[in-house]
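Subject: Structure for you to look at

Hello,

Here is the structure I promised to pass on. Please open it first, then read my notes below.

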Amino acid sequence: MYRYDAIDRSIVAARVAQFRDQTRRYLAGKLSEDEFRPLRLQNGLYVEKNGPMLRIAIPYGQINAAQLDKLAGITRRYDRGYGHFTTRQNIQLNWVKLPEVPELLAELAEVDMHAIQTSGSVIRNVTTDHYAGVSADEIADPRPYAEILRQWSTLHPEFAFLPRKFKIAVSGSTTDRAAIRVHDVGLQLAQRDGAIGFQVYVGGGLGRTPLIGEEVKSFLPWPHLLTYLEAVLRVYNRYGRRDNLYKARIKILVQALGVREFARQVEEEWQHLKDGPQTLTEAELARVAAHFAPPEYETLPADDLCQLAHLREDKPYGRWVERNVRAHKVPGYASVTLSLKKPGVAPGDATAEQLEAVADLARRYSHGEVRVSHEQNLVLADVPQRELYTVWHRAKAAGLATPTIGLLADLITCPGGDFCELANARSIPVAGDILQRFDDLDYLHDIGELDLNISGCMNGCGHNAVGHIGILGVEKHGEEWYQVSLGGNQGNAAAVGQAIGPAIPAAEVTNVIERLIATYLALRHAGERFIDTVQRLGHTPFRDAAYQAPSHEEDRRVRYA
Amino acid sequence: MPKIIKQQRLADDEWKVLQLAENETPHTVRLPVGPLLVPLAVWRARKEELIHRNWEHHEPLGVWLSPGEGPEAIAADLDDFTLVAVHFPKLADGRGYSTARLLRERYGYRNELRAFGDVGQDQLFFLDRVGFDSFSIKESDEDAIEALAAFAAFPEAYQAAANQPQPLFRRRAI
Ligand code: SF4
């Protein structure tokens, strides 16, 4: 993991001092609401229903045990003893008080953490694959590039007031686990003639107009990463729309110009920047990459015999291994996903005690490091197989071992109407209902892999558009209603789901999900996942089942008006 | 006389900013005496007259750009201006930051480059980095003195920009 040097530290410290001064001037009435807003947003501070919400950056989802311990303490001192991990690998605190935020940021800085550019119309936290560095299918480790991008984008003077937020994701593997094609810029590491570079996608995004990013460059050799992105950002900063908030993302510009014309303008701008001083050097890549060198792995047999015995003997353990443990590129090791999903708790929430438990697990079994996944779980990437059984017991004791990774119950949810000012409807209670109804593990395992994603409004923070089943909160006659969509997909086969029909009231959502699942179970071919069956048969059988006639017409009108 | 920040100090502002009122056109608007900062439309409409004033009467000449007016519009004329200014009608409209870098880094503009409009001390650090060296800020003259500290808000910066052509990674001791 990247370790700050004195310069990195001095920049974060200066940011804390700057924000302390800005907060002081705001509280003293010297900065107006309008003047303070962009300043606090660039420091991750929203004003939400319950007061300010602070989003803390976890760069490309990498965090260490000391940082987790610090976060645990902070949630106790400044909040209500828990935090919420987001789909962009950050963590949010929902109950902070504005006058205390500078102090909180100062504490974060002690462990090299900050909230810089976690919101606002700026380049946001760069995200990547949570299995970076431990996957057999990796072309190159994306983290050094993500760190280089973090430094370049941090306090970039030209791009501090973009038309809208700007999100970059990097994938280093042939299988995209970073959802790069629903980002403003998606970077796919690739190899050509022995050289490393990027396939560059631009203009993907969720929200009101979900779009899949299009390729603007088939191969960009890595030394040109920053100059090329600077060209992309400059074209966007100059020509992106600023008259309409909903049309301000880069995807709208790409759409308006057409991807070829957009690529041409970027290319033209790039010709001026290419080979300039921001061209990356071997020395810089080596300096940063050294921070991500693999830990010293032991030489172990490919399969640990004890662990195999436990698998045979202990069914619940076997189930957990099946869902929450993943093969590692080094023999004898595995990656473990600690689940933040369970009935009764908002998906992605972790208590202070859980944060400490994770820190402890990381210290003992995974070189002190943890990753946050965009599915809102935590990952111990480097666990020796012989420790898995112990890790399972300890994770279970901490409430982190729900064996449902990748299944329906591993659903993604945004904070929704309980916390978010922009929401049309709540999403956490909907998730809660679904988790309650689908709590039978055998049933969940039988249903198999399924992405169920929930957002409380069109902004789509819960990635509803790319869920195999998506649920979107809408408002109808002042009530909370939900639009269900089918057929979305993330990763290499990224696709935007389509609504299956009119919105339904909250009380119906779980019933509809149940009917969709029943339809799948009745119609699936052997080995087909939910999404495969949807793709083979189209929406019709699912729609018919979802909107099957309730007892009489009158009732139907009331329920589906 | 009103004050501006120039080269990180408070200074008198001698310039008059010409803004077109609704009933005025670039061709007919009266050009007051003294150092004059004209909108791009007036520069385009009255180039000869403005250059004549400048040469014959030694009246310093400047032009100001609105956010949508890119540096390309004046790139060929830069030698004619003592001052180029960029207007920020809204704090959140960041197009002027690109304009400044292009003027400095691509078109080689070396004279005074001013930011005016909805800008204040919290933007100074970035404005300075992209190449502005004079600022007509919102703060009162008293607060402006305090605002000068903003130029040193950060001890270092990662990226190359107009005031530091080498990115940090080329300067970091390895
Ligand atoms: S999707 Fe809407 S409701 Fe949910 S967090 Fe985002 S803005 Fe808020």
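How many residues of chain B are in contact with chain A, and how many of chain A with chain B? The contact joins 38 residues of chain B to 50 residues of chain A. Keep in mind that this is a predicted model.

**Chain B against chain A**

The size of an interface is often given as the accessible area lost when the parts come together. Here, chain B and chain A bury about 3700 Å² between them. Carbon and sulfur atoms carry 56% of that area. On the chain B side, B:Tyr158, B:Phe169 and B:Arg172 lose the most area to chain A. Together they account for 19% of what that side buries.

Now the charges. There are 11 salt bridges across the interface of chain B and chain A. One of them pairs B:Asp93 with A:Arg242. Their closest N and O atoms are 3.4 Å apart. Polar contacts link 25 residue pairs across the interface of chain B and chain A, both residues being at pLDDT 80 or more. Three elements of chain B give two or more residues to the side that touches chain A: helix H3 (95-106), helix H4 (121-130) and helix H5 (141-147). By class, that side of chain B has 18 nonpolar, 7 polar and 13 charged residues.

**Inside chain A**

Chain A is divided into domain 1 (6-110), domain 2 (134-292), domain 3 (305-397) and domain 4 (412-560). Look at domains 2 and 4 of chain A. Their centres, taken over C-alpha atoms, are 32 Å apart. Domain 2 brings 13 residues to the contact, and domain 4 brings 12 residues.

These two domains of chain A bury about 1000 Å² between them, 65% of it on carbon and sulfur atoms.

The side of domain 2 that touches domain 4 has 6 nonpolar, 3 polar and 4 charged residues.

**The ligand**

Best wishes

Terms used
Residues are numbered from 1 along each chain as its sequence is written. Chains are lettered from A and ligands numbered from 1 in the order in which they are written. This is a predicted model: local features need pLDDT of at least 70, side-chain atom pairs count only at pLDDT 80 or more; totals for chains, interfaces and linings use all residues. Side-chain values use heavy atoms; hydrogens and water are left out. Domain bounds come from an automatic or database domain assignment. Contact means heavy atoms within 4.5 Å. Buried area is the accessible area (1.4 Å probe) that two parts lose on being put together, summed over both. Ala, Val, Leu, Ile, Met, Phe, Trp, Tyr, Cys and Pro count as nonpolar, Asp, Glu, Lys and Arg as charged, and the others, Gly among them, as polar. A salt bridge is a side-chain nitrogen of Lys or Arg within 4 Å of a carboxyl oxygen of Asp or Glu. A polar contact is a pair of N or O atoms within 3.5 Å; within protein, one must be able to donate a hydrogen and the other to accept it, and residues adjacent in sequence count only if both atoms are side-chain atoms. Helices (H or I, at least four residues) and strands (E, at least two) are DSSP runs, numbered from the N terminus.
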